[in-house]
Amino acid sequence: MASLNQWVAGARPRTLPNAIVPVMVGTGLAIGEGSPIWWRAVVALLVALLLQIGVNYANDYSDGIRGTDDQRVGPMRLVGSGAAAPREVLAAALGSFAAAAVLGLTLVIATRAWWILLVGAAAIAAAWFYTGGKSPYGYRALGELAVFVFFGVVPVVGTAYVQTEQLSWTALAASVPIGLLSCSMLVVNNLRDVVTDGPAGKRTLAVVLGATRTRTLYTACLTLPFLIALLLIPFTPFTALTVLAAPLAIGPIRTVLAGATGPALIGVLQATGKLQMAYGLLFAVGLAITL
C-alpha cells in the first residue's frame, strides 16, 4: 500500500507550475483590466491544479499498465514501481478530474458562458487520452501541442475571461509564452526518457526528432518567451520585467546543450520549473500594471 509521501510524489509536484503560472498570468490580465474577481481566480487555480494532478495520475496509470515505466529514469511512478495498484491510481486520476469538473461548473454558472463546458470537457479528454485509450496521442508526438493549448492558451485566456467576461487579443498573446514554457517541461522530461521511450513504443516528439533537435527545441521554448514579452512592450510596457528572470534560463540551457542525459536532466526539470514560476510572476505583475 503506497504511503502518503509516495502519493504526493506520484502527483509530481514539480510539474505544478504548469497549472499555477497560467492562472497567475490570466489574473494579472484581469487586474490590468481593472476587473479581478478573486474567488473566481482561486477556483480557476484549483481547477488547473486538479487537472494537472489528474493528468499525472492518469499518465502513471496508463504508462504503468503498458509497461512503459518498467525501466524508468525519472521520479518514481506508483504503478510502475508496484507501490500502488493500478485501480487505485486510476481512481485518483478520475477523482481529480471529477473535482475539477465540479469546480469548473461553478465558473460556468457564474459567467453563464455555457461554451466553457465544451472547453472543460476537451481539457479532461486531452488529459486522459494523452497516454490513455487504445491510441494515445502522447505516443504519436502530439504531447507538446496539447500542452501548449491546455496549459497555455486555455488556462490563460480562460482565467482572464471568467474574471473580465471578455475575450481579448492581449490574453491570447500572453498565453503564447506561457504555453512555450509549459512545453519546455515536457520537452526536457521526454528528452530524459528518450532512450527508454523508443524501445517501449512510446513515440514522443523527442523520439521522433532525436536528442540533438530536441535540445534545440528546448532552448527555443525557453528563449522565445522573453522575445515575446519584449514585443509586447509597446502595448504593456511592464512586461519588460520578465528580463529579470532571464539569468535562470542560462544554467538549464547550458546543461541541455552540453549533452546531459538521464538523471542529469532531473535537475534541469527542477530549474525549468523555477524559471517558469519566476517568469510567470514577473509577467503577471507586468500585465497588471497599467499607466
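**Buried residues, packed helices and salt bridges**

Colleague: Why does Val188 count as buried?

Modeller: Val188 has 1% relative accessibility. Buried means under 20%, so Val188 counts as buried. The model is predicted, and Val188 belongs to helix H8.

Colleague: Which residues does Val188 touch, leaving out those up to four places away in sequence?

Modeller: Tyr218, Val256, Leu265, Val268 and Leu269. Take Leu265 from that list. Val188 and Leu265 are 77 residues apart in sequence, with their C-alpha atoms 7.1 Å apart in space.

Colleague: Which residues of H8 and H11 meet?

Modeller: From H8, the contact includes Ala173, Pro177, Leu181, Val188 and Leu191. From H11, it includes Thr214, Arg215, Tyr218, Cys221 and Ile228. By class, the contact of H8 with H11 has 17 nonpolar, two polar and one charged residues.

Colleague: What makes Arg215 of that contact charged and Thr214 polar?

Modeller: Arg is on the charged list with Asp, Glu and Lys.

Colleague: How do you know how H2 and H8 run relative to each other?

Modeller: The axes of H2 (residues 17-32) and H8 cross at roughly 165° and come within 10 Å. The cut-off is over 145 degrees, so H2 and H8 are roughly antiparallel. This crossing is right-handed. Asn18, Val21, Pro22, Val25 and Leu29 of H2 make the contact with H8, where the partners include Thr170, Ala174, Ile178 and Met185.

Colleague: Why is H12 called roughly antiparallel to H13?

Modeller: H12 (residues 247-257) and H13 (residues 264-288) have axes that cross at roughly 155° and come within 9 Å. Roughly antiparallel begins over 145 degrees, so H12 is roughly antiparallel to H13. H12 passes H13 in a left-handed crossing.

Colleague: Now the salt bridges. How many does the whole structure hold?

Modeller: Four. One of them joins Glu165 and Arg40, at 3.0 Å from N to O.

Colleague: How do you know that the Glu165 and Arg40 pair qualifies?

Modeller: The limit is 4 Å between a side-chain nitrogen of Lys or Arg and a carboxyl oxygen of Asp or Glu. This pair is at 3.0 Å, N to O. Glu165 lies in the loop between H7 and H8 and Arg40 in H3, so the pair ties together parts that are 125 residues apart in sequence.

Colleague: Buried or exposed, what are Arg40 and Glu165?

Modeller: Arg40 has 9% relative accessibility, so Arg40 counts as buried. Glu165 stands at 39% and counts as partly exposed, because that class lies between 20% and 50%.

Colleague: What makes Asp63 and Arg77 a salt bridge?

Modeller: Their closest N and O atoms are 3.7 Å apart, and the limit is 4 Å. Asp63 lies in H3 and Arg77 in the loop between H3 and H4, so the pair ties together parts that are 14 residues apart in sequence. Both Asp63 and Arg77 are buried. Lys202 is linked with them in a network of salt bridges.

Colleague: And what links Arg192 and Asp193?

Modeller: A salt bridge between side chains, 3.0 Å from N to O. Arg192 and Asp193 are both buried.

Technical notes. Residues are numbered from 1 along each chain as its sequence is written. This is a predicted model: local features need pLDDT of at least 70, side-chain atom pairs count only at pLDDT 80 or more; totals for chains, interfaces and linings use all residues. Side-chain values use heavy atoms; hydrogens and water are left out. Axes are lines fitted to C-alpha atoms, for helices over the stretch in contact, and angles run from 0 to 180 degrees between N-to-C directions. Helices (H or I, at least four residues) and strands (E, at least two) are DSSP runs, numbered from the N terminus. Angles under 35 degrees count as roughly parallel, over 145 as roughly antiparallel, 65 to 115 as roughly perpendicular and the rest as oblique. A crossing is left-handed if the near helix is turned anticlockwise from the far one by less than a right angle, and right-handed if clockwise. Buried means under 20% relative accessible area, exposed over 50%, partly exposed in between (1.4 Å probe, protein chains only). Contact means heavy atoms within 4.5 Å.
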